[in-house]
Amino acid sequence: MMIYRLMSALFPQARRSIEPRRIVIIRPCCIGDVVMATAALTALREAFPRAHISWALGEWSARAIAHHPALDEILLTADMPLASPASFWRFARQLRAGRHDLAVSLLRSPLMSLALWLAGIPIRAGLDSGGRGFGYNLRVAIDPAAPEHESEIYLKVVSAVAGRRLHAQANLPVMEAARHSILERLNETGVGKPFVVAHPGGGQNPGMRFASKRYPPDQFAELLNRVAGSEAAQVVLIAGPGDADLVAAVAEKLRTPAINWMNMLDFAEIGALAAESLLYIGNDTGLTHLAAASGAKTVMLMGPSDPLRYAPYTAKSLALWKPTELAAGGVNHAPVDWTWQRDGIGVDEAARRILAFLEA
(Lines give C-alpha, C1' and ligand atoms only; values in the text may rest on other atoms or scores of the structure.)
Protein backbone atom coordinates (compact mmCIF):
# COMPACT_ATOMS: atom_id res chain seq x y z
CA MET A 1 0.00 0.00 0.00
CA MET A 2 1.09 3.57 -0.67
CA ILE A 3 0.86 4.54 3.01
CA TYR A 4 3.37 1.83 3.93
CA ARG A 5 5.80 3.01 1.27
CA LEU A 6 5.52 6.56 2.56
CA MET A 7 6.15 5.34 6.09
CA SER A 8 9.23 3.40 4.91
CA ALA A 9 10.74 6.64 3.64
CA LEU A 10 10.43 8.12 7.13
CA PHE A 11 12.30 5.23 8.79
CA PRO A 12 15.91 5.05 7.58
CA GLN A 13 17.67 1.74 6.98
CA ALA A 14 20.48 0.67 9.31
CA ARG A 15 23.89 2.00 8.26
CA ARG A 16 26.05 -0.15 10.48
CA SER A 17 26.39 -3.75 11.50
CA ILE A 18 26.86 -4.91 15.07
CA GLU A 19 27.95 -7.95 17.01
CA PRO A 20 24.77 -8.33 19.05
CA ARG A 21 24.92 -9.26 22.70
CA ARG A 22 21.17 -9.58 23.31
CA ILE A 23 18.87 -10.86 20.55
CA VAL A 24 15.11 -11.31 20.62
CA ILE A 25 13.17 -13.37 18.07
CA ILE A 26 9.61 -12.25 17.39
CA ARG A 27 7.23 -15.08 16.38
CA PRO A 28 4.59 -15.25 19.11
CA CYS A 29 2.25 -17.83 17.57
CA CYS A 30 1.46 -20.52 16.55
CA ILE A 31 3.06 -23.93 17.11
CA GLY A 32 3.53 -24.84 13.43
CA ASP A 33 5.00 -21.43 12.60
CA VAL A 34 7.15 -21.48 15.72
CA VAL A 35 8.54 -24.94 14.92
CA MET A 36 9.26 -23.88 11.33
CA ALA A 37 11.14 -20.90 12.78
CA THR A 38 13.53 -23.17 14.70
CA ALA A 39 15.55 -23.30 11.49
CA ALA A 40 16.11 -19.55 11.85
CA LEU A 41 16.90 -19.94 15.57
CA THR A 42 19.56 -22.55 14.82
CA ALA A 43 21.09 -20.40 12.08
CA LEU A 44 21.05 -17.38 14.39
CA ARG A 45 22.92 -19.33 17.07
CA GLU A 46 25.47 -20.43 14.48
CA ALA A 47 26.03 -16.83 13.40
CA PHE A 48 26.22 -15.42 16.94
CA PRO A 49 27.40 -18.20 19.28
CA ARG A 50 28.09 -15.89 22.24
CA ALA A 51 24.87 -13.85 22.11
CA HIS A 52 22.01 -14.17 24.57
CA ILE A 53 18.99 -15.22 22.49
CA SER A 54 15.44 -14.89 23.76
CA TRP A 55 12.17 -15.61 21.98
CA ALA A 56 9.00 -13.58 22.51
CA LEU A 57 6.00 -15.91 22.25
CA GLY A 58 2.78 -16.99 23.89
CA GLU A 59 2.63 -19.52 26.69
CA TRP A 60 1.04 -22.31 24.61
CA SER A 61 3.68 -22.16 21.86
CA ALA A 62 6.45 -21.70 24.43
CA ARG A 63 5.72 -25.16 25.81
CA ALA A 64 6.73 -26.65 22.47
CA ILE A 65 10.20 -25.09 22.17
CA ALA A 66 11.24 -24.00 25.68
CA HIS A 67 13.86 -26.75 25.90
CA HIS A 68 15.59 -25.90 22.60
CA PRO A 69 19.38 -25.89 23.20
CA ALA A 70 19.95 -22.80 21.02
CA LEU A 71 17.64 -20.71 23.19
CA ASP A 72 18.66 -18.87 26.36
CA GLU A 73 15.34 -17.44 27.47
CA ILE A 74 11.61 -17.40 26.79
CA LEU A 75 10.00 -13.96 26.88
CA LEU A 76 6.37 -14.79 27.59
CA THR A 77 3.86 -12.58 25.87
CA ALA A 78 0.33 -12.92 24.53
CA ASP A 79 -0.31 -15.21 21.57
CA MET A 80 -1.58 -12.11 19.77
CA PRO A 81 0.36 -9.24 21.38
CA LEU A 82 -0.93 -6.64 18.91
CA ALA A 83 -4.63 -7.48 19.25
CA SER A 84 -5.56 -4.28 21.10
CA PRO A 85 -3.98 -0.85 21.76
CA ALA A 86 -3.37 -1.85 25.39
CA SER A 87 -1.61 -5.11 24.49
CA PHE A 88 0.39 -3.31 21.78
CA TRP A 89 1.81 -0.78 24.24
CA ARG A 90 2.38 -3.47 26.87
CA PHE A 91 4.36 -5.52 24.35
CA ALA A 92 6.48 -2.55 23.25
CA ARG A 93 7.31 -1.74 26.90
CA GLN A 94 8.16 -5.39 27.57
CA LEU A 95 10.63 -5.40 24.67
CA ARG A 96 12.16 -2.09 25.73
CA ALA A 97 12.80 -3.49 29.20
CA GLY A 98 14.79 -6.37 27.69
CA ARG A 99 17.52 -3.99 26.43
CA HIS A 100 17.97 -6.01 23.25
CA ASP A 101 20.33 -4.67 20.63
CA LEU A 102 18.90 -6.85 17.83
CA ALA A 103 15.33 -7.92 17.09
CA VAL A 104 14.58 -10.55 14.44
CA SER A 105 10.93 -10.28 13.48
CA LEU A 106 9.35 -13.14 11.53
CA LEU A 107 5.92 -11.52 11.15
CA ARG A 108 4.41 -9.68 8.17
CA SER A 109 2.88 -6.99 10.33
CA PRO A 110 3.13 -3.21 10.09
CA LEU A 111 2.12 -2.95 13.75
CA MET A 112 4.95 -5.27 14.78
CA SER A 113 7.49 -3.18 12.91
CA LEU A 114 6.13 -0.10 14.69
CA ALA A 115 6.21 -1.83 18.09
CA LEU A 116 9.89 -2.72 17.66
CA TRP A 117 10.69 0.88 16.71
CA LEU A 118 8.86 2.13 19.82
CA ALA A 119 10.81 -0.43 21.89
CA GLY A 120 14.00 1.42 20.96
CA ILE A 121 15.84 -1.66 19.69
CA PRO A 122 18.85 -0.40 17.66
CA ILE A 123 18.81 -3.04 14.90
CA ARG A 124 15.37 -4.23 13.84
CA ALA A 125 15.43 -6.91 11.15
CA GLY A 126 12.19 -8.17 9.68
CA LEU A 127 10.01 -9.12 6.77
CA ASP A 128 8.89 -6.36 4.44
CA SER A 129 5.83 -7.56 2.54
CA GLY A 130 4.34 -4.76 0.47
CA GLY A 131 6.01 -2.12 2.63
CA ARG A 132 4.57 -3.48 5.91
CA GLY A 133 8.04 -3.61 7.45
CA PHE A 134 8.50 0.16 7.48
CA GLY A 135 9.53 0.21 11.17
CA TYR A 136 12.46 -2.15 10.60
CA ASN A 137 15.83 -0.72 9.69
CA LEU A 138 17.01 -3.97 8.14
CA ARG A 139 14.19 -4.94 5.78
CA VAL A 140 13.95 -8.21 3.90
CA ALA A 141 11.59 -7.78 0.97
CA ILE A 142 9.31 -10.71 0.17
CA ASP A 143 6.64 -11.24 -2.46
CA PRO A 144 3.45 -12.49 -0.77
CA ALA A 145 2.24 -14.04 -4.03
CA ALA A 146 5.39 -16.12 -4.58
CA PRO A 147 5.11 -19.66 -3.13
CA GLU A 148 8.12 -19.94 -0.84
CA HIS A 149 8.56 -22.04 2.28
CA GLU A 150 8.04 -20.21 5.56
CA SER A 151 11.28 -21.60 7.02
CA GLU A 152 13.25 -20.30 4.05
CA ILE A 153 11.62 -16.88 4.37
CA TYR A 154 12.58 -16.76 8.04
CA LEU A 155 16.13 -17.82 7.18
CA LYS A 156 16.39 -14.86 4.81
CA VAL A 157 16.03 -12.49 7.76
CA VAL A 158 18.78 -14.21 9.73
CA SER A 159 21.01 -14.29 6.65
CA ALA A 160 20.51 -10.54 6.20
CA VAL A 161 21.54 -9.95 9.81
CA ALA A 162 24.62 -12.18 9.52
CA GLY A 163 25.66 -10.78 6.16
CA ARG A 164 25.93 -14.23 4.60
CA ARG A 165 23.61 -17.01 3.51
CA LEU A 166 22.74 -19.33 6.38
CA HIS A 167 20.80 -22.56 6.34
CA ALA A 168 19.37 -25.03 8.86
CA GLN A 169 16.42 -27.38 9.05
CA ALA A 170 13.57 -27.14 11.52
CA ASN A 171 14.68 -29.01 14.61
CA LEU A 172 13.47 -29.73 18.11
CA PRO A 173 15.88 -32.10 19.88
CA VAL A 174 14.21 -34.71 22.07
CA MET A 175 14.68 -34.24 25.82
CA GLU A 176 16.19 -37.26 27.54
CA ALA A 177 13.64 -37.05 30.36
CA ALA A 178 10.79 -37.10 27.84
CA ARG A 179 12.30 -40.06 26.01
CA HIS A 180 12.65 -41.97 29.27
CA SER A 181 9.04 -41.18 30.20
CA ILE A 182 7.76 -42.41 26.83
CA LEU A 183 9.76 -45.64 26.94
CA GLU A 184 8.33 -46.35 30.39
CA ARG A 185 4.78 -45.64 29.20
CA LEU A 186 5.20 -47.83 26.11
CA ASN A 187 6.46 -50.66 28.29
CA GLU A 188 3.68 -50.28 30.87
CA THR A 189 0.93 -50.32 28.23
CA GLY A 190 2.42 -53.17 26.21
CA VAL A 191 3.08 -51.17 23.06
CA GLY A 192 6.00 -52.72 21.24
CA LYS A 193 7.78 -51.73 18.08
CA PRO A 194 6.90 -51.13 15.36
CA PHE A 195 4.14 -48.64 16.07
CA VAL A 196 2.60 -45.76 14.13
CA VAL A 197 1.61 -42.50 15.84
CA ALA A 198 -1.50 -40.87 14.38
CA HIS A 199 -3.03 -37.47 15.11
CA PRO A 200 -6.34 -37.01 13.26
CA GLY A 201 -7.14 -33.60 14.77
CA GLY A 202 -5.77 -30.08 14.56
CA GLY A 203 -6.72 -27.21 12.31
CA GLN A 204 -7.24 -24.68 15.09
CA ASN A 205 -5.02 -22.29 16.98
CA PRO A 206 -5.36 -18.88 18.69
CA GLY A 207 -5.24 -17.12 15.32
CA MET A 208 -7.33 -19.38 13.09
CA ARG A 209 -9.87 -22.18 12.84
CA PHE A 210 -9.42 -24.27 9.71
CA ALA A 211 -11.31 -27.55 10.10
CA SER A 212 -10.91 -28.43 6.40
CA LYS A 213 -7.26 -29.22 7.13
CA ARG A 214 -8.43 -32.45 8.78
CA TYR A 215 -8.36 -35.61 6.71
CA PRO A 216 -11.86 -37.20 6.91
CA PRO A 217 -12.01 -39.72 9.79
CA ASP A 218 -13.17 -42.64 7.62
CA GLN A 219 -10.31 -42.09 5.19
CA PHE A 220 -7.82 -41.53 8.03
CA ALA A 221 -8.83 -44.86 9.59
CA GLU A 222 -8.59 -46.73 6.29
CA LEU A 223 -5.17 -45.21 5.64
CA LEU A 224 -3.98 -46.42 9.05
CA ASN A 225 -5.45 -49.87 8.38
CA ARG A 226 -3.43 -50.20 5.20
CA VAL A 227 -0.15 -48.70 6.40
CA ALA A 228 -0.06 -50.20 9.92
CA GLY A 229 -1.46 -53.48 8.65
CA SER A 230 1.22 -53.74 5.98
CA GLU A 231 3.95 -53.13 8.57
CA ALA A 232 2.35 -55.28 11.33
CA ALA A 233 2.41 -52.15 13.47
CA GLN A 234 0.25 -51.04 16.36
CA VAL A 235 -1.36 -47.58 16.24
CA VAL A 236 -1.04 -44.97 18.99
CA LEU A 237 -3.71 -42.28 18.65
CA ILE A 238 -2.97 -38.85 20.09
CA ALA A 239 -5.03 -35.66 20.14
CA GLY A 240 -6.09 -32.74 22.28
CA PRO A 241 -9.20 -32.47 24.47
CA GLY A 242 -11.26 -30.91 21.66
CA ASP A 243 -10.68 -33.84 19.32
CA ALA A 244 -12.48 -36.61 21.22
CA ASP A 245 -15.16 -37.12 18.58
CA LEU A 246 -12.60 -37.27 15.79
CA VAL A 247 -10.47 -39.82 17.63
CA ALA A 248 -13.54 -41.93 18.42
CA ALA A 249 -14.63 -41.86 14.75
CA VAL A 250 -11.19 -43.02 13.63
CA ALA A 251 -10.83 -45.66 16.35
CA GLU A 252 -14.24 -47.15 15.48
CA LYS A 253 -13.09 -47.98 11.94
CA LEU A 254 -9.65 -49.35 12.78
CA ARG A 255 -8.95 -53.02 12.06
CA THR A 256 -5.41 -52.88 13.43
CA PRO A 257 -4.46 -52.90 17.16
CA ALA A 258 -4.65 -49.39 18.58
CA ILE A 259 -4.30 -47.54 21.86
CA ASN A 260 -5.73 -44.11 22.67
CA TRP A 261 -3.38 -41.64 24.38
CA MET A 262 -5.53 -38.58 23.74
CA ASN A 263 -4.72 -35.64 26.01
CA MET A 264 -2.14 -37.67 27.96
CA LEU A 265 1.20 -36.26 26.73
CA ASP A 266 2.93 -32.90 26.81
CA PHE A 267 4.73 -31.51 23.78
CA ALA A 268 8.13 -32.87 24.78
CA GLU A 269 6.65 -36.35 25.21
CA ILE A 270 4.86 -36.16 21.85
CA GLY A 271 8.19 -35.35 20.21
CA ALA A 272 9.83 -38.28 22.01
CA LEU A 273 6.99 -40.64 21.09
CA ALA A 274 7.18 -39.63 17.44
CA ALA A 275 10.96 -40.09 17.39
CA GLU A 276 10.58 -43.66 18.71
CA SER A 277 7.88 -44.58 16.20
CA LEU A 278 8.05 -46.23 12.82
CA LEU A 279 6.01 -43.35 11.42
CA TYR A 280 4.00 -40.31 12.48
CA ILE A 281 0.91 -39.45 10.41
CA GLY A 282 -0.96 -36.19 10.91
CA ASN A 283 -2.70 -33.32 9.21
CA ASP A 284 -1.23 -29.92 8.38
CA THR A 285 -0.94 -28.95 12.03
CA GLY A 286 1.59 -27.76 14.55
CA LEU A 287 1.96 -31.21 16.09
CA THR A 288 2.96 -32.71 12.74
CA HIS A 289 5.64 -30.05 12.40
CA LEU A 290 6.74 -30.81 15.97
CA ALA A 291 6.99 -34.54 15.24
CA ALA A 292 9.05 -33.95 12.11
CA ALA A 293 11.38 -31.51 13.89
CA SER A 294 11.87 -34.12 16.65
CA GLY A 295 13.46 -36.46 14.10
CA ALA A 296 10.47 -38.69 13.34
CA LYS A 297 9.73 -40.10 9.94
CA THR A 298 6.66 -37.98 9.30
CA VAL A 299 3.75 -37.86 6.87
CA MET A 300 1.70 -34.66 6.61
CA LEU A 301 -1.71 -34.96 4.94
CA MET A 302 -2.20 -31.60 3.25
CA GLY A 303 -5.47 -30.22 1.96
CA PRO A 304 -6.19 -26.59 1.04
CA SER A 305 -2.67 -25.38 1.87
CA ASP A 306 0.45 -25.33 -0.24
CA PRO A 307 3.28 -27.78 0.59
CA LEU A 308 5.71 -25.39 -1.06
CA ARG A 309 4.94 -23.03 1.84
CA TYR A 310 3.95 -25.22 4.77
CA ALA A 311 5.32 -28.77 4.50
CA PRO A 312 7.62 -29.91 7.34
CA TYR A 313 11.08 -28.43 6.80
CA THR A 314 12.99 -31.63 7.57
CA ALA A 315 14.72 -34.37 5.61
CA LYS A 316 12.62 -37.29 6.88
CA SER A 317 9.17 -35.98 6.01
CA LEU A 318 6.63 -36.55 3.25
CA ALA A 319 3.91 -34.04 2.38
CA LEU A 320 0.95 -35.70 0.65
CA TRP A 321 -1.08 -33.32 -1.47
CA LYS A 322 -3.21 -33.53 -4.55
CA PRO A 323 -2.16 -30.60 -6.75
CA THR A 324 -4.99 -28.11 -6.99
CA GLU A 325 -5.44 -24.45 -7.73
CA LEU A 326 -4.78 -22.28 -4.67
CA ALA A 327 -5.01 -18.54 -4.44
CA ALA A 328 -1.74 -16.65 -4.13
CA GLY A 329 -0.84 -15.43 -0.67
CA GLY A 330 -0.78 -18.51 1.53
CA VAL A 331 -3.16 -20.25 3.90
CA ASN A 332 -5.23 -17.14 4.63
CA HIS A 333 -6.38 -17.17 1.01
CA ALA A 334 -7.36 -20.84 0.71
CA PRO A 335 -10.46 -21.53 -1.45
CA VAL A 336 -13.68 -21.69 0.56
CA ASP A 337 -15.25 -24.37 -1.65
CA TRP A 338 -12.39 -26.87 -1.32
CA THR A 339 -13.43 -30.43 -0.32
CA TRP A 340 -11.44 -33.58 0.47
CA GLN A 341 -13.76 -35.74 -1.62
CA ARG A 342 -13.22 -33.74 -4.78
CA ASP A 343 -9.91 -31.98 -4.28
CA GLY A 344 -7.93 -33.97 -1.68
CA ILE A 345 -5.58 -36.91 -2.00
CA GLY A 346 -7.33 -40.29 -1.84
CA VAL A 347 -6.52 -43.25 0.38
CA ASP A 348 -5.16 -45.43 -2.47
CA GLU A 349 -2.62 -42.84 -3.56
CA ALA A 350 -1.71 -41.85 0.00
CA ALA A 351 -1.14 -45.45 1.12
CA ARG A 352 0.97 -46.25 -1.94
CA ARG A 353 3.22 -43.25 -1.40
CA ILE A 354 3.56 -43.81 2.35
CA LEU A 355 4.61 -47.43 1.93
CA ALA A 356 7.16 -46.40 -0.70
CA PHE A 357 8.41 -43.71 1.72
CA LEU A 358 8.87 -46.32 4.46
CA GLU A 359 10.74 -48.67 2.12
CA ALA A 360 13.08 -45.85 1.10
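This report looks at a disulfide and a strand sheet in a predicted model.

## The disulfide

Let's start with the cysteines. A disulfide is a covalent bond between the sulfur atoms of two cysteines. The structure holds one such link, and the residues it joins are Cys29 and Cys30, with an S to S distance of 1.7 Å. If you look along the S-S bond, the angle about it is 60°, and the link of Cys29 and Cys30 is right-handed.

Are these cysteines buried or exposed? Cys29 has a relative accessible area of 5%, and Cys30 has one of 8%. Buried means under 20%, so Cys29 counts as buried, and so does Cys30.

## The open sheet

Now turn to the strands. Strands of a sheet pair through backbone hydrogen bonds, either parallel or antiparallel. Here, six strands form an open sheet with parallel pairing, and you can trace them in the order β11-β10-β7-β12-β13-β14.

Which strands stand at the edges? They are β11, residues 258-260, and β14, residues 317-320. Each has a single partner strand, so one side of each is left without a neighbour in the sheet. On average, neighbouring strands of this sheet are turned by 20° against each other, direction ignored.

## A closer look at one edge

At the β14 edge, the partner to find is β13, which covers residues 298-301. Four bridges connect β13 and β14, and the two strands pair in the parallel sense. To find your place in this pairing, look for Thr298: opposite this residue stands Ser317 in β14.

Technical notes
Residues are numbered from 1 along each chain as its sequence is written. This is a predicted model: local features need pLDDT of at least 70, side-chain atom pairs count only at pLDDT 80 or more; totals for chains, interfaces and linings use all residues. Side-chain values use heavy atoms; hydrogens and water are left out. A disulfide is a pair of cysteine sulfur atoms within 2.5 Å. Buried means under 20% relative accessible area, exposed over 50%, partly exposed in between (1.4 Å probe, protein chains only). Two strands pair if DSSP finds at least two bridges between them. Axes are lines fitted to C-alpha atoms, for helices over the stretch in contact, and angles run from 0 to 180 degrees between N-to-C directions.
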